[in-house]
Amino acid sequence: MMDRDRTARRACVAAQLALAAASLFAFAAPAAAFTTDARRLGMGSPFVPGGRDLASANVAYQTMPSRRDGRGFVIPLPLGLIQLAQDFPTFDANDPNFSVTRIANLAINPPFFMETGNADPLDGDISLTIARNSFAIDIADARTLLPQEPLNVGSMYARPLFGLGLLGARTYFAPVVTLEGRIAFDNALFGVLTQGEALLPNREYTMTANGETMAGASFNVGYSGGGWGHPNGDGFYLGAYTKYIMGFGLGKADTQFSLATGDTIFGDSDPMNVGYDATTRVSRFGKIGNGVGFDTGVAYRMGGFDIGLGLRDLGSSVHWSGTQVDHSYLDDVTGEVVTETLSDSEPYTSKLPQQTTLNVAWTGHRTLLAADLTTNRWGTEMHVGAERKLGILAMRGGMLTDDNSKVQYAWGAGLGLAHVCFDLGFQTHNHTVTGERGMTLGTSLAIR
Amino acid sequence: MKITRFAGRMQCAALGALALTALVGTGCGKNRVLLNVDALSFMDASQAQQPYSAPSLLPFSVRLPAVPINLVEGFADFGTAEAASLDIGLLYDNQTGQGQGNFTVYFGDDASTVYSTAPVATLDTDLQPAAVTPGAIRIDMDQRVLDLFTSKHLVMGLDWTWNPQSAQTMQGTCSVSKLDVHMVSQLSVF
């Protein structure tokens, strides 16, 4: 009897930790596509010549003149915050309106822009089927929640914040935040969790979850220039920057959760054996990591045509001279999670994801067409969009493939008066805990 | 070395509910949890098939040793059991004689007292010579039994009685084909 008590406790501990890992994974997924510009949102988020986002992805664009309708400064209008203020979710679990899924969706989709529609409340039935040698769990909602293929997701934020330039030589400062996660189920466990297949005797079921996050800042110095005096900016541009990366914090975890069944699942002996093994690595506050990296890019403009290829974070890495490494596991005898510190000064080098961006655009008198392809170790995204001006109005549309290779759609409109534009854009997404399609409404003001 | 102890709710968590809460994220507290227990699977195969031979007009009874049923631990912590039912399926292969077969099911928390508790279900079946007769019934179970199925361990008692009603010896075999418990709970993890 004691064995089963311990087993249940182990199962509980391991599952809670698995939840934490899964949460990290879920939170990491959507950040890559975040934009505050409703114009880009309504075009399917392609890079548009003259935008700050493009100058970050391809440093050759840092000195290329902006297009006639290029945005100098974008002021997002966070309607989502107003929406949130009007209908703030309750955190009281006893409140009938309490919804974990709504809170989770808010975390995944920061309420900056307005979300239209209501997410699935995840209120499907859960069936447990118990027999002496079989245990099946059929979770209706899990079929859409859990991926069968190992899933790598991540995001990185590294946009120039401020800088100085003189005769093509420039320097700028940028915050650097990376977050990535990976989760994988073996086929047996995936079948149990999503297909209602029974746990069978003498089997092992495994889930692994890994995550790493880093925060810091980069000081970039280099050269970008081109065109060489051509009046409308036509010509070849190039940029090359080296950067010193200062890391302020690092966290990394590699976990494995396993469940091994005995001869009899619900017998008097041979209980299920739950295993949990994790290695975590952190850099304590005050210990600074140091690293270098390299960004480069080329771009070409001819009339209304722009094309560019940017490589960001070539060989970028941060060396942490003394990280603390802990090993945690479930003790078979006591049923407790034991944590051992293996080292408090182990060096570690984290590698920033190299990103390649290929963009192409054509800017006509009334029409703008733009497309890009962005790839890094987390996957490839493609964005295609168009804008057509009708007097002071601009109509927009586009599509994109997101970080899960799903096709999303976008449309929007803009109203331009003098040097001020009001932009509005809709874009579909699947950034919900249930994976169902949602739609974002974004609004922003821009100074031309 | 430091040892981290996990306590509180986690101490009695049920494996199934854990998988649920961990991987579905507990939903919004409006999920139903349907617990299906195949009580028959906890019996030995020989217990599920009872040969009988009842002399004319003399009742013949068989009482099984209490059958232990182990369930998930801490199920009650994750929800409120609202309703439960028991499906019984029998198959009498009566070779000779005529009469009635009575099948009685008990559930309790202790093997020594299970047969002194109130029977949960009784199924009476009229039997004819040289006939295969099925018997089936669905019973809604009361709060006492509902509580038993939210615990991690209970015992089941089974009684058979055959009452011959003819001059011929009543002889045959009774097979238990189904002993399924269905319980509906409202998930409440907070």
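Student: Which residue follows α7(A) with a positive phi?
Tutor: This is a predicted model. Phi is near 75° at the residue after α7(A). That residue is Gly196(A).

Student: Which residues are buried in helix α7 of chain A?
Tutor: The helix spans residues 187–194. Burial here takes 20 or more other C-beta atoms within 10 Å of a residue's own. In α7 the buried residues are Leu189(A), Val192(A), Leu193(A) and Thr194(A).

Student: How many bridges join β9(A) to strand β10 of chain A?
Tutor: Strand β9(A) covers residues 204–226 and runs antiparallel to β7(A), with 17 bridges joining the two. One partner pair there is Ile183(A) and Ala209(A). Strand β10(A), residues 235–260, also runs antiparallel to β9(A), and Thr208(A) stands opposite Gln256(A). The number of bridges between β9(A) and β10(A) is 23.

Student: What does Ile69(B) touch, not counting residues up to four places away in sequence?
Tutor: Ile69(B) belongs to the largest nonpolar core, which has 66 residues. Ile69(B) is one of the members that touch the most others, a group including Val105(B) and Phe149(B). The residues touched by Ile69(B) are Ala39(B), Phe42(B), Leu154(B), Val155(B) and Met156(B).

Student: How many residues are in the second, separate core?
Tutor: Its members include Tyr241(A), Ala370(A), Val384(A) and Leu424(A). The count is 24 residues.

Student: Among contacts in chain B between residues at least 6 apart in sequence, what percentage join residues at least 24 apart?
Tutor: Chain B has 2 helices and 11 strands. Of its 190 residues, 41% are buried. For contacts between residues at least 6 apart, the share joining residues at least 24 apart is 87%.

Technical notes: Residues are numbered from 1 along each chain as its sequence is written. Chains are lettered from A and ligands numbered from 1 in the order in which they are written. This is a predicted model: local features need pLDDT of at least 70, side-chain atom pairs count only at pLDDT 80 or more; totals for chains, interfaces and linings use all residues. A residue is buried if 20 or more other C-beta atoms lie within 10 Å of its own, exposed if 12 or fewer, and partly exposed in between; C-beta atoms are placed from the backbone. Helices (H or I, at least four residues) and strands (E, at least two) are DSSP runs, numbered from the N terminus. A nonpolar core is a set of buried Ala, Val, Leu, Ile, Met, Phe, Trp, Tyr and Cys residues joined through C-beta atoms within 7 Å. Two residues are in contact if their C-beta atoms, placed from the backbone, lie within 7 Å. Two strands pair if DSSP finds at least two bridges between them.
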